[in-house]
Amino acid sequence: MKFTSPRGMRDFYPHEKAWHNHLLDTWRRVSVRNGFEHVDGPIFESLDLYKVKSGEGIVSELFSFRRQGGKTDYAIRPEFTPTLARMVAQRANSLPTPIKWFSIPNLCRAEKPQRGRLREHWQWNVDIMGLQGAGADAEVMFTAIDFFRELNLGPEHLRVKISHRQTARHILSRLGVVDDDMLAAFDLLDKRDKIPREAFVQEAAKLGLDEDRVHRLEQTTRMKYRCGELDQMRQQLGMDEDLRDLAALDEQLHAFGIAPWCEYDLGIVRGLAYYTGTVFEIHEISGAERAVAGGGRYDKLIELFGGPSIPAVGFGMGDVVISLVLDDKNLLRDDVAPRPDAFVFALTDAGAKALPGYVAMLRRADVHTRFSYRTTRNVGRLLKEADAVGARYAVLLDDDVAEGTVQLKDLSVGGQEPVAIKAVADLIRKRESAQG
Ligand code: HAM
């Protein structure tokens with residue numbers, strides 16, 4: 001029998017896992033320096049948790065199951081926000097606010113596998129709970145941008161596209177969409193670029209939008225404005241009240257120094273049903289890829305899960321699209337696999353006898369140490385082997401090992417020197433830290 005990984009799922013061989021670890025480590029480091037604490041939750045939850053307020057899109061993509069003989073329906077987590085809201089609701093009285101949490105769960109969605117969309121992905125979640133107002137919205141956006149800068153991505157590569165549920169609601173209700181159909185209309189707008197136009201027109205008709213109104217909707221939702229251009233938007237849309245939140249956000253985006261990364265895009269509504277205010281997606285600038293990240297304000301969700309009324313804002317960023325973007329721009333680092341500090345090999349029988357004990361000593365001193373499994377004593381071949389795995393130092397064991405000495409060879413500069421066995425670990429560490 002022959003097996004492969006299930007459709008839309010990935011195997012991570014060492015090279016791929018090294019990049020994945022680097023990405024996850026960078027997410028962790030950036031989260032911590034922005035003041036977020038690490039949390040996690042269970043890999044599956046009761047199915048109902050996702051039925052409360054995630055919306056049709058997510059519910060139709062659940063991997064759900066019931067244990068043989070069991071009575072409860074479960075679903076593998078397709079997103080983290082419901083778990084987060086449940087966790088906060090459960091301990092709301094004892095958690096000091098504001099709550100700033102990050103998590104990096106793996107999630108499963110039964111989507112049709114395609115470029116940028118798989119059935120399992122890792123998602124960086126960054127959320128602030130307990131703060132009303134645009135400052136927190138801008139802070140989570142800043143955190144995403146802080147991460148992009150770490151990977152040498154700039155505003156010439158990515159755009160944070162911002163809108164507001166109230167603005168979208170206003171545009172839709174002016175076109176005749178009634179309140180009861182509003183969530184369905186958000187969902188439809190969200191998938192506009194993912195479905196054929198005829199299907200979009202058909203669905204829109206069910207919401208009372210004829211061809212002419214669909215055309216007007218398309219025109220409005222293709223409008224984009226840079227930060228600082230809200231007055232133009234206000235004039236063109238004939239809106240005032242509903243742009244108050246965006247005006248406050250505009251100020252914060254400038255204050256955080258991230259205005260060049262951001263624009264207002266009325267086509268962004270987000271498919272998830274729980275968003276209440278600011279919504280945003282981060283896209284590669286040409287628009288060629290699926291969204292790198294998406295998020296927004298969800299001020300009612302924690303209350304809906306039985307907790308007190310706690311405002312919240314955050315985003316999720318998957319590992320798949322950001323890796324594609326970096327790869328396209330030749331910014332995907334392939335030097336992130338851990339390199340051995342020491343590669344040990346024996347040149348004599350006495351050396352071979354001492355090798356295991358010596359390797360054990362270095363490893364106990366926390367030196368990343370490998371050795372050759374081959375029986376050859378040919379220095380040239382052994383050095384090649386050390387070089388192939390990227391080792392920084394070769395440690396050669398010959399008959400001097402009986403006197404407590406080894407030969408240490410720096411593989412980047414090439415010099416070789418006798419060093420006392422006990423001094424090798426310290427010496428390697430000192431030189432590594434001197435090189436930074
Ligand atoms: P989302 O837009 O469903 O939002 O997902 C956020 C990001 O996760 C997407 O922009 C994309 O990068 C990645 N993603 C989603 N589905 C897939 C997939 N099938 N394959 C690869 N990547 C994927 C949420 O999940 C919200 N819960 C985020 C949030 C956190 N909102 C507030 N806090």
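**Entry 1**

The model is a predicted one, in which local features need pLDDT of at least 70 and side-chain atom pairs count only at pLDDT 80 or more, while totals for chains, interfaces and linings use all residues. Residues are numbered from 1 along each chain as its sequence is written, and side-chain values use heavy atoms, with hydrogens and water left out.

For the geometry I took helix α1 (residues 14-33) and helix α5 (residues 134-150), which pack at an angle of about 130° with their axes 10 Å apart. That angle makes α1 oblique to α5, given that angles under 35 degrees count as roughly parallel, over 145 as roughly antiparallel, 65 to 115 as roughly perpendicular and the rest as oblique. Axes here are lines fitted to C-alpha atoms, for helices over the stretch in contact, and angles run from 0 to 180 degrees between N-to-C directions. Helices (H or I, at least four residues) and strands (E, at least two) are DSSP runs, numbered from the N terminus.

I then listed the contact itself (heavy atoms within 4.5 Å): Leu23, Thr26, Trp27, Arg29, Val30 and Arg33 of α1 meet Thr143, Asp146, Phe147 and Glu150 of α5. The residues of this contact divide into four nonpolar, two polar and four charged, where Ala, Val, Leu, Ile, Met, Phe, Trp, Tyr, Cys and Pro count as nonpolar, Asp, Glu, Lys and Arg as charged, and the others, Gly among them, as polar.

**Entry 2: the three-stranded sheet**

I traced an open, antiparallel sheet of three strands in the order β2-β4-β3, where two strands pair if DSSP finds at least two bridges between them. Its edge strands are β2 (44-46) and β3 (64-66), each pairing on one side only. β2 pairs with strand β4 (residues 73-76) over three bridges, and I found Tyr74 in β4 as the bridge partner of Ser46.

**Entry 3: the five-stranded sheet**

I followed a second open sheet, with mixed pairing, in the order β15-β14-β16-β17-β18. β15 (369-371) and β18 (416-420) stand at the edges with a single partner strand each, so one side of each is left without a neighbour in the sheet. The twist averages 30° from one strand to the next. Strand β14 (residues 342-346) pairs with β15 in the parallel sense over three bridges, and the bridge partner of Val344 in β15 is Phe371. Helix α14 (residues 349-364) packs on this sheet, touching β14, β15, β16 (393-397) and β17 (405-410).
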